[in-house]
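Me: Could we go through this model together? I would like to start with the ligand and then move on to the strands and loops.

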Amino acid sequence: MSVKENIQKILSELKDKKVKLVAVTKTQAVSAIKEAYDAGHKIFGENKAQELAAKREGLPDDIEWHMIGHLQTNKVKMIVPFIKLIQSVDSLHLLKEINKEAEKIDRIVDCLLQIKIAKEETKYGLDIAEAVDILQSPEFEKMDFIRIVGLMGMATLTDDEQIIHSEFKHLHHDFKLIKERFFRDKSYFKEISLGMSGDYKIAIEEGSTIIRVGSLIFGERNYA
Ligand SMILES: *Cc1c(COP(=O)(O)O)cnc(C)c1O
């Protein structure tokens, strides 16, 4: 199937649901992104700031770009002027840098806190206690150019659907806890970013509002 057909198939599954599809284009050529764009899709995600900024150069301005990978502080200023959502905030240090760069251009940047829900050691992310520490810190209180709009998570890479269900439930639970404690009357705190090619259907069942799908749309990635 073509990129267009793949996107249309996923979008048809999302119909009548409040779930947004981020088409993940990491390692994919600009021509593949253009194909998706020409099919009418305008929301894309990359996991490297440099790759994101470079690809954006050759593409239309009305694309909504999401940063979904670990972001180094020295790369923050490359994306702050245009990024729609930084999904992968995993430290107070990073948040400070985003706020600093955003303040320079008087722009409020939407972010998700990335919560560690998988068993794997290597995945980036905060545990819930660390997220709470950030949100109640005096530094965070002073950040006028950051808006935390929800949480993001990645499940363990496994065929065991029970594990995936339980990890996604875990994030939904954390979301409710943080909403209640810090964002109770903030309608903008509403996003739960869960689900990739292999597990987005489970994610939707577990309350995801943003799915991030790459290989199912564009085919296998080429890391060469
Ligand atoms: C690569 C990536 C995805 C998409 O993965 P697929 O399995 O290709 O759908 C989603 N989220 C993050 C954070 C990623 O790095």
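**Ligand site and strands**

Me: Which side chain has an N or O atom 2.8 Å from a nitrogen atom of the ligand?
Reply: That side chain belongs to Arg212. Please note that the model is predicted, so local features require pLDDT of at least 70 and side-chain atom pairs count only at pLDDT 80 or more, while totals for chains, interfaces and linings use all residues. Residues are numbered from 1 along each chain as its sequence is written, and side-chain values use heavy atoms, with hydrogens and water left out.

Me: And what is 2.5 Å from an oxygen atom of the ligand?
Reply: An N or O atom in the side chain of Ser197 is at that distance. An oxygen atom of the ligand is also 2.8 Å from a polar backbone atom of Ser215. By itself the ligand exposes 390 Å², of which the protein buries 92%; the areas come from the Shrake-Rupley method with a 1.4 Å probe, and for residues only the protein chains shown count as cover.

Me: Which residues surround the ligand?
Reply: The surrounding residues are Val24, Lys26, Ile68, Met154, Met196, Ser197, Arg212, Val213, Gly214, Ser215 and Arg221.

Me: How many of the shell residues are nonpolar, polar and charged?
Reply: The shell has five nonpolar, three polar and three charged residues. Here Ala, Val, Leu, Ile, Met, Phe, Trp, Tyr, Cys and Pro count as nonpolar, Asp, Glu, Lys and Arg as charged, and the others, Gly among them, as polar.

Me: Back to Ser197: where does it lie?
Reply: Ser197 is in the loop between strand 7 (191–193) and helix 9 (200–205). Helices (H or I, at least four residues) and strands (E, at least two) are DSSP runs, numbered from the N terminus. The side chain of Ser197 makes a polar contact of 3.3 Å with the side chain of Ser215. A polar contact is a pair of N or O atoms within 3.5 Å; within protein, one must be able to donate a hydrogen and the other to accept it, and residues adjacent in sequence count only if both atoms are side-chain atoms.

Me: Why does Ser197 count as buried?
Reply: Ser197 counts as buried because its relative accessible area is 19%. Buried means under 20% relative accessible area, exposed over 50%, and partly exposed in between, with a 1.4 Å probe and protein chains only.

Me: Changing topic, how many residues of strand 1 are buried?
Reply: Strand 1 is mostly covered, with four of its five residues buried. Four bridges join strand 1 in parallel to strand 8 (residues 210–213), where Val213 stands opposite Ala23. Strand 1 also runs parallel to strand 2, joined by two bridges, and Ala23 has Phe44 as its bridge partner there. Two strands pair if DSSP finds at least two bridges between them.

Me: What do strand 1, helix 2 and strand 2 make?
Reply: They make a right-handed β-α-β unit, with helix 2 spanning residues 30–38. A crossover is right-handed if, with the strands pointing away from the viewer, the path from the first strand over the helix to the second runs clockwise. Strand 2, helix 3 (residues 49–57) and strand 3 also make a right-handed β-α-β unit.

Me: Which way do the residues of strand 3 point?
Reply: Glu64 and His66 point one way from strand 3 (residues 64–67), Trp65 and Met67 point the other way, and all are buried. In a regular strand the side chains alternate between the two faces of the sheet.

Me: What about the bridges of strand 3 to strand 2?
Reply: Four bridges join strand 2 (residues 43–46) to strand 3 in parallel, and Met67 is the bridge partner of Glu46. Strand 3 pairs with strand 4 (residues 85–89), again in the parallel sense, over two bridges; there His66 is partnered by Leu85.

Me: One last topic: what is the phi of Asp16?
Reply: Phi of Asp16 is near 70 degrees, a positive value in a residue other than glycine. Most residues other than glycine have a negative phi. Asp16 lies in the loop between helix 1 (3–14) and strand 1 (20–24), and is exposed at 79% relative accessible area. Asp106 also has a positive phi, of about 55 degrees. Asp106 is found in the loop between helix 5 and strand 5 (109–116), and is exposed, with a relative accessible area of 63%.

Methods
Near = heavy atom within 4 Å.
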